[in-house]
Amino acid sequence: MEEADDPRLLVCHECWTLLFSRDEYRTVCQSVDESVIYEGPSYMIPIKAVEDSAASGCSWCSFVLSGARRETNPVPLQGEYLTIEFSSFLSRHMSTPAGINCATAIVNYNVLSGTIFVREDSVARDIVTAREIQTHFNSDRASNQILEWLVDCDGHATCPSIMPLTLPTRVIDVSPADHPDMPKLVETKGATGCYVALSYCWGLDQIGLTTTSNLEMRKQQLDLRALSQSSRDAITVTRSLAIKYLWIDAICILQDSADDKVIELASMCRIYQQATVTIVAASATSASQGFLEDRNPPEPAVQIPFWTPDDTLTSVYLRAEELYDDEEEPINSRAWTLQEQLLSPRLLIYATHTLQYQCREHTVNLGNSIHAPAHLESRSFLGTLDGVSEEIRDQVVGRAWVDIVRMYTQRRLSFQEDKLTALAGIAEAFSSHVPGDYIAGLWSGEVLARLLLWATRGKGYAASSTYIAPSWSWASLDCPVFYHHFHHMHTFKLYHVSVISCDVLLDNETLPFGRLRSGELRIEAYIRSGHFEGPRSFRWSSMSSSSASSVDQEMFATLDDPDTQEEDLKCLAIARRTSEGGNMQITPVIDGLLISKIKKSTRYRRVGSFRGLHENNFQGFKRESLTIV
């Protein structure tokens, strides 16, 4: 890509006169202080003139028209004129690298955003710090960049130091001293070292599994031809980083040994937490695809005039903004990979569009292309729990676990019985920060006030076909669950609730965060009977002399399965929800569960939830004890 000799010739006469030559545009180009609101230039122009100029090669008119014709959120072209305001060059929150790397215009009162970048030899390189997207990863340049990232990360205050740690039970020696080109499987026997881990989608065609029958042969040599493409690519990357060992579950766990799987599953937390870096084959739907192939080139960019701080006229490249949504990557549809990514201190993400490096400090792209995430990123769930005072610990822990449950339940499992096992590593990591016990995907203690109050979307509701967890746990369902938006803003505390007992029977005692055989929660709390009169109309069935006779209009009650007909229900008051500080003050309200008695039993099961009741709804009623299964 060659930069223009005369940037004025990149645009039509009208665009140069009305926008790029004006002092207000120069000010916007040089606006690096995000605390200052700069008023950019604005103008009106006939739509026909924009169309004609775009056809004649004006880069800015072409960019504006492309915004009007984009598939998502197109800018409407109504009337005969366009009103255009060039707003700013400031970057989006959470984007990297820091600098002037984004462009925002307001066209007919609709936002039109783009990303900008320059070549390394541009006179604007120090202020426009982003570069073109890199799509070639299997190169010395990429390897050298990764090594630089690792060196820099070792100095981050928020990231753990890189040092030899206890190796997993088995690892792949990617370049043995006697035969560097012949990798082999090694039983470490407690030795220490640095190693890479692989996070990837198995798919339906996974090959190259280690079993009891080929273990001894693989300790002599790994036949690369028998391995999946993702495994071979991981070996290539590990060698390029001069790291001796690599851990891949399909190769380092005996896939036909139930005993070996139990042992290694119990070590998942440590394996990923202690890896020097984890390779994430994000774009591959199966292990057969690999992840080192070149990516498709990005959409063409246009050039527009730009003024440097010393008033030099140059040009920058402008491309319509495409926010990177990591949740769209194939690997992020798989439940097992969530803990692999959250527990690992560093990630090499081979994404659909480029190579990324992610640590607790930031996410950066190969070659310093701009990374503009579609969502606020946070890999520091455990970091947010360090040093938290006991006064707010339960609230911080609850909010962090709510985020994890939301992300996890959006993902798929091949086998529903793995629902809790695939999250066990994260649960183990949390356990040192939470004073309570782990109970069927939730935590006991004050934090339970928040965690019991998950909800379903209604549409798409599906209960697990086999027993996974008690009804009060989100893990009992085979569908996504969520927590309402106010869980991040409000404080939840148990409302006169006494947990008499919470008993869960583990399927295997060596996996304390894994599969269950049964579970029940016995509590004492305020309870009141009610019933639905239509999908959204809930009425009390019992009264007292001092309680409210009708349900609060603010109350919102929903069944987990909207297609069921539940008649006699009980409202179980669980949490008192408040808002402390900020501009979103609320009157304290009571949230809780809807429970139904199991036929021919004294026990209950969860069938829904409610929120927004005032405390007077439970006045005059006594606390009762019951068991929910």
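**View 1. Arg577 and Asp591, a buried pair.** Asp591 is buried, at a relative accessible area of 2% (buried is under 20% relative accessible area, exposed over 50%, partly exposed in between, with a 1.4 Å probe and protein chains only). Arg577 is likewise buried, at 6% relative accessibility. The two side chains form a salt bridge of 2.6 Å, N to O (a side-chain nitrogen of Lys or Arg within 4 Å of a carboxyl oxygen of Asp or Glu). Arg577 belongs to strand β26 (residues 569-578) and Asp591 to strand β27 (residues 589-597), so the bridge links distant parts of the chain, 14 residues apart. Strands (E, at least two residues) and helices (H or I, at least four) are DSSP runs, numbered from the N terminus. The model shown here and in the other views is predicted: local features need pLDDT of at least 70 and side-chain atom pairs count only at pLDDT 80 or more, while totals for chains, interfaces and linings use all residues. Residues are numbered from 1 along each chain as its sequence is written, and side-chain values use heavy atoms, with hydrogens and water left out.

View 2. Side chains of opposite charge can pair when their charged atoms come close. Arg517 and Asp507 meet in a salt bridge at 3.3 Å, N to O. Arg517 lies in strand β23 (residues 516-532) and Asp507 in the loop between β22 (498-506) and β23, so the contact ties together parts that are 10 residues apart in sequence. Arg517 is exposed at 54% relative accessibility, whereas Asp507 is partly exposed at 34%. A salt bridge of 3.2 Å, N to O, also joins the side chains of Arg225 and Asp223. Here Arg225 is exposed, with a relative accessible area of 74%, and Asp223 is partly exposed, with 34%. Over the whole structure, the search finds 21 salt bridges.

View 3. Strand β15 covers residues 355-359, and five of its five residues are buried. Strand β14 (residues 346-350) runs antiparallel to β15 and is joined to it by five bridges; strands pair if DSSP finds at least two bridges between them. Leu347 has Gln358 of β15 as its bridge partner. A hairpin of four residues connects β14 to β15. Toward strand β16 (residues 363-365), β15 makes three bridges, again antiparallel, and Gln356 stands opposite Asn365. The hairpin between β15 and β16 passes through three residues.

View 4. Strand β11 (residues 277-280) runs parallel to β14 and is joined to it by three bridges, with Val280 opposite Ile349.
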